[in-house]
Amino acid sequence: MRVSLWRLWCPLVLASLLCAAPGCHHHDKTELRLFAAASLQDAMHELARRYQAKHPDVVLELNFAGSNALARQIASSRGADVYFSADEKWMDYLDKKKLLVPGSRRSLLTNALVVVARTESQVKIVRPVDLATAHYQHLVLAQPDAVPAGRYAKHYLEGIRYQDGTLWDAVNPKLVPALDVRAALAAVAADPRRLGIVYSSDLVQSQGVKALYRVPVDQGPPIRYPAAQIAGRSHPRDAKALLAYLESPDAAAVYKRWGFGMLHPEAEK
Amino acid sequence: MADPGTTLLLTLQIASSAILLIAVPAVLVAYLLARRSFFGKSVVETLVALPLVLPPTAVGYLLLSTLAVDGPLGAQTLGFDLDLLLTWKGAVIASSVMAWPLVVRTARVAFEGVDPRLESMARTLGFGVGETFVRITLPLAARGLLAGLILGFSRALGEFGATVIVAGNISGKTQTLSLAIFSAEQAGRPGEARALLWIAVALGFVAVFIVEWLSRRGPRGKARAQR
């Protein structure tokens, strides 16, 4: 069967036209890539808007995921200008690979853990050990061996004695890992039989989810959100300016509104 | 995370269960599509092909919405819990849906390769419909059917998008080989990721080898070289 050449060329031409379209580049503006932990997305969207309003020559591209995924992406591609992690471990990971601009790293924020469930859940958690005895189907955490929110939660549960082992051993059979802390939150919101452990800041924007138990800051693991500039990028001065903005008192007001704690109260002045 | 051996065993179990689940229905649907015309045939053909052309995550999301607590097959609607989400059974369902089009299409081609006159001849000799199918059609289409099942099995082995959404990534229970590689990479454990990768490559080689070996043998099991 002979196929006319026209039928052969048409789809190929269409395909190449499609390939030319995506990823339009702002040739006259500076593009900065900000990789930030999933829990920071609301605060970062607001800060990005404010920053771009003040600096019209800069375009910010935001990438949110678990801090572990972002660190891996930066390590293999160096595709970010500024990295804002939810824990020190993943910043250390990049530091050891010498991917950070020396002296640019600083710890900015803190957070707290909270046990959550769907609003209509009848489960009561008065003390942490209630997690071992309460009636629920699954405990959703961000991947506990990699994502900061999950690691903090695991660390917290491992520190509480329960029967012959720890609370972590007791809840392990019900564990469901999620890709990042917002995915964990979404999983909890989807089914009333699930509990989850997320950040208290995640509750600020959440719908249909309530806090069952707030882990007191002095009993929970120390949560630190460091930010740093990535080395070897084409716009180091702009990246430095962005990092300075993320540390500014203006930014502090935004973080506080989204439920984060400040590590350096002097910044508020 | 579970050790590679457990992950491999779980992966094989889930993929095998998926293929066993769809084998009979897929063969029957394929025969129907190969031999019969009926009203709505193109709709059936489209539905069969849909998981092949949809992104796996779309299929996963569709299954999730259907099986969710307040979904059409959820605990609230049915009155009892199918208990498929976040379980190995859910992983089987997700894998079987993704493998379905491959098995049906390959089986259909196999049936279309069987001369319908042979079936008519059997009928004139007094064979019933079922007997004809089992004693004439199936043996002649057997190699193609087997290739289709192995193809579907390989697809089920590598399933990621739909599985992770429906069954989650629970180590030892629903974390198949592809999910384990992803998690190991995400957690910054390249050694583990590489070990799992080699297991996946080995599995792939075995699957392809068997399919090639099946296609080299001539009809009625005689090797082509003997003819």
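Two strands are taken as paired if DSSP finds at least two bridges between them. The views below show a predicted model.

**View 1. The open sheet of chain A.** The sheet holds 6 strands in the order E2-E1-E3-E12-E4-E13, and their pairing is mixed. Strand E2 (58–65) and strand E13 (261–262) of chain A are the edge strands; each has a single partner strand, so one side of each has no neighbour in the sheet. Helix H2 (residues 41–54) of chain A packs on this sheet, where the helix touches strand E1 (30–37) and E2 of chain A. The direction of H2 makes about 175° with that of E2(A).

**View 2. Strands E4 and E12 of chain A.** Strand E4 (residues 106–110) and strand E12 (residues 225–229) of chain A run antiparallel and are joined by 3 bridges. A:Arg106 stands opposite A:Ala227 in E12(A).

**View 3. The two domains of chain A.** Chain A is assigned domain 1 (27–110 + 225–268) and domain 2 (113–214). Taken over C-alpha atoms, the centres of the two domains are 27 Å apart. To their contact, domain 1 of chain A gives 13 residues and domain 2 of chain A gives 18 residues. On the domain 1 side, 6 residues are nonpolar, 5 polar and 2 charged.

**View 4. The contact between chains A and B.** Chain A contributes 13 residues and chain B 12 residues. On the side of chain A, helix H3 (67–77) and strand E9 (175–178) are the elements that give two or more residues. H3(A) supplies the largest share, 3 residues. By class, the chain A side has 7 nonpolar, 3 polar and 3 charged residues.

Methods. Residues are numbered from 1 along each chain as its sequence is written. Chains are lettered from A and ligands numbered from 1 in the order in which they are written. This is a predicted model: local features need pLDDT of at least 70, side-chain atom pairs count only at pLDDT 80 or more; totals for chains, interfaces and linings use all residues. Two residues are in contact if their C-beta atoms, placed from the backbone, lie within 7 Å. Helices (H or I, at least four residues) and strands (E, at least two) are DSSP runs, numbered from the N terminus. Ala, Val, Leu, Ile, Met, Phe, Trp, Tyr, Cys and Pro count as nonpolar, Asp, Glu, Lys and Arg as charged, and the others, Gly among them, as polar. Domain bounds come from an automatic or database domain assignment. Axes are lines fitted to C-alpha atoms, for helices over the stretch in contact, and angles run from 0 to 180 degrees between N-to-C directions.
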